[in-house]
Amino acid sequence: MAPWLTVVGIGEDGFKGLGKNARRALLGASRIFGGQRQLDLLPACIRGERLLWPSPFSLEPVLAQRGEPVCVLASGDPMLFGAGASLARQVPNDEMLILPAPSSCSLAAARMGWPLQEVITLSVVARPIAALNAQWFSGVRLLVLSNDGHSPAAIAALLRERGFGPSRMTVLEHLGGEAERRIDGTANDWTYPPAADLNLLAIECLAEPTAQRLSRLAGLPDAAFKHDGQLTKRDVRAITLARLAPVPGELLWDVGAGSGSIGIEWMRAHPSCRTLAIEADAGRQQLIEHNRDALGVPGLQLIRGSAPQALAGLERPDAIFIGGGVTRDGVLDTCWAQLKPGGRLIANAVTLQSEMTLMAWREQHGGELTRIHIAQAQPLGEFDTWRQALPITLLDVVKPFDA
């Protein structure tokens with residue numbers, strides 16, 4: 001069928017800034033959906049019924065009009081953190097026409113003189129700002145769509161907290177309109193009143209000399225995590241994550257998550273990686289919640305409970321890490337049954353009993369066993385000697401496609 005839905009990107013310059021096709025679609029639409037600000041930009045000659053998005057937000061009112069000439073108004077480019085991206089997941093491409101205006105990020109890059117392909121674009125619109133903690137690297141340039149006028153001050157506080165107080169910040173309000181304005185400063189001296197609700201924040205990240213530098217590669221320093229000792233240590237964690245091999249879009253089960261370090265670093269590997277962290281201890285659950293926000297992956301989902309009972313009904317994973325509980329009845333078998341074909345299962349053992357469990361399980365299902373020995377130089381009187389950490393036995397097995 002011919003497109004019945006037209007998604008029109010509209011800028012601060014309103015109807016006069018639209019192209020011929022966008023104007024024709026709006027003039028012919030029976031219903032027009034949008035936010036109050038976008039609908040107010042339309043002139044009286046647009047006769048279609050104007051409908052606000054419902055609260056809480058839902059696409060159902062639009063989808064219910066399938067077959068009728070309908071328009072959706074969105075700010076700027078509807079495919080950049082906009083309604084167009086949401087609609088594209090539910091409406092076939094041949095039923096929808098998208099007519100973008102210049103995005104706020106494109107306008108901001110032009111104002112700042114920043115090549116857009118070298119900038120990281122993000123949004124905190126209805127999203128936790130803790131996700132920005134994964135983006136703080138000295139020299140990086142960010143364009144952040146603000147949730148409201150209080151977002152710049154909140155982000156400045158986050159920068160200061162993470163040791164990036166010298167970062168240069170520019171708030172750009174009402175880009176492309178008559179009320180366009182910019183405010184410049186640094187995170188350290190950001191004392192401005194709230195900005196306009198419609199604003200974008202341009203950030204050039206600059207670290208203090210003492211700021212902690214956290215790589216995106218596996219094996220963050222142990223000090224990057226709050227923990228009670230239940231932590232997969234740095235070198236073993238790096239080896240474990242290399243075996244887990246995060247791939248964009250994949251889901252990890254972190255079973256017996258402890259402080260959450262494995263699941264957190266899995267998600268830091270790529271923005272689309274996801275984790276379900278299963279942990280029964282209430283104190284460690286709080287540590288996981290702290291660590292996921294501090295390290296910029298607030299989307300990590302905490303499952304409160306013990307395996308295998310807590311695994312019931314969870315989305316099937318692409319990879320599983322078992323850091324604790326391999327000797328508990330049903331944990332290995334349940335994880336193996338729920339793992340997708342071709343998925344990876346990694347389990348670490350420290351005690352003799354857990355090692356024997358992995359060895360017996362390998363006899364049935366195959367896989368590789370690796371013994372990891374880590375030693376660190378530590379003082380012994382006037383000299384140094386090697387202090388051996390407890391050896392780790394690692395099981396690495398890939399589930400066959402015919403299993």
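The model is predicted; local features need pLDDT of at least 70, side-chain atom pairs count only at pLDDT 80 or more, and totals for chains, interfaces and linings use all residues. Residues are numbered from 1 along each chain as its sequence is written, and side-chain values use heavy atoms, with hydrogens and water left out.

**Domains 2 and 3**

- The chain is divided into domain 1 (5-102), domain 2 (105-205) and domain 3 (222-399). These bounds come from an automatic or database domain assignment.
- The C-alpha centres of domain 2 and domain 3 lie 35 Å apart.
- Contact (heavy atoms within 4.5 Å) links 6 residues of domain 2 with 6 residues of domain 3.
- About 470 Å² is buried between domain 2 and domain 3, and carbon and sulfur atoms give 57% of that area. Buried area is the accessible area (1.4 Å probe) that two parts lose on being put together, summed over both.
- Ala130, Ala134 and Arg162 supply 56% of the area that domain 2 buries against domain 3, more than any other three residues.
- The interface of domain 2 and domain 3 has 2 residue pairs in polar contact, both at pLDDT 80 or more. A polar contact is a pair of N or O atoms within 3.5 Å; within protein, one must be able to donate a hydrogen and the other to accept it, and residues adjacent in sequence count only if both atoms are side-chain atoms.

**Helix H5**

- Helices (H or I, at least four residues) and strands (E, at least two) are DSSP runs, numbered from the N terminus.
- H5 spans residues 104-112, and its buried residues are Cys105, Ala108, Ala109 and Met112. They sit on the same side of H5 because they cover an arc of only 100° around the axis. The arc is that of the directions from the helix axis to the C-beta atoms.
- Strands E6 (120-123), E7 (141-145) and E8 (168-173) are among the elements that cover these residues.
- Gly113 follows H5 and has a positive phi, near 75°.

**Arg344**

- Arg344 lies in strand E15 (residues 344-349).
- Arg344 is buried, at 12% relative accessible area. Buried means under 20%, exposed over 50%, partly exposed in between (1.4 Å probe, protein chains only).
- The Arg344 side chain makes a polar contact with the side chain of Glu250 (2.8 Å).
- A polar atom of the Arg344 side chain also lies 2.7 Å from the backbone oxygen of Leu244.
- Not counting residues up to four places away in sequence, Arg344 touches residues including Trp266, Asp318 and Val397.
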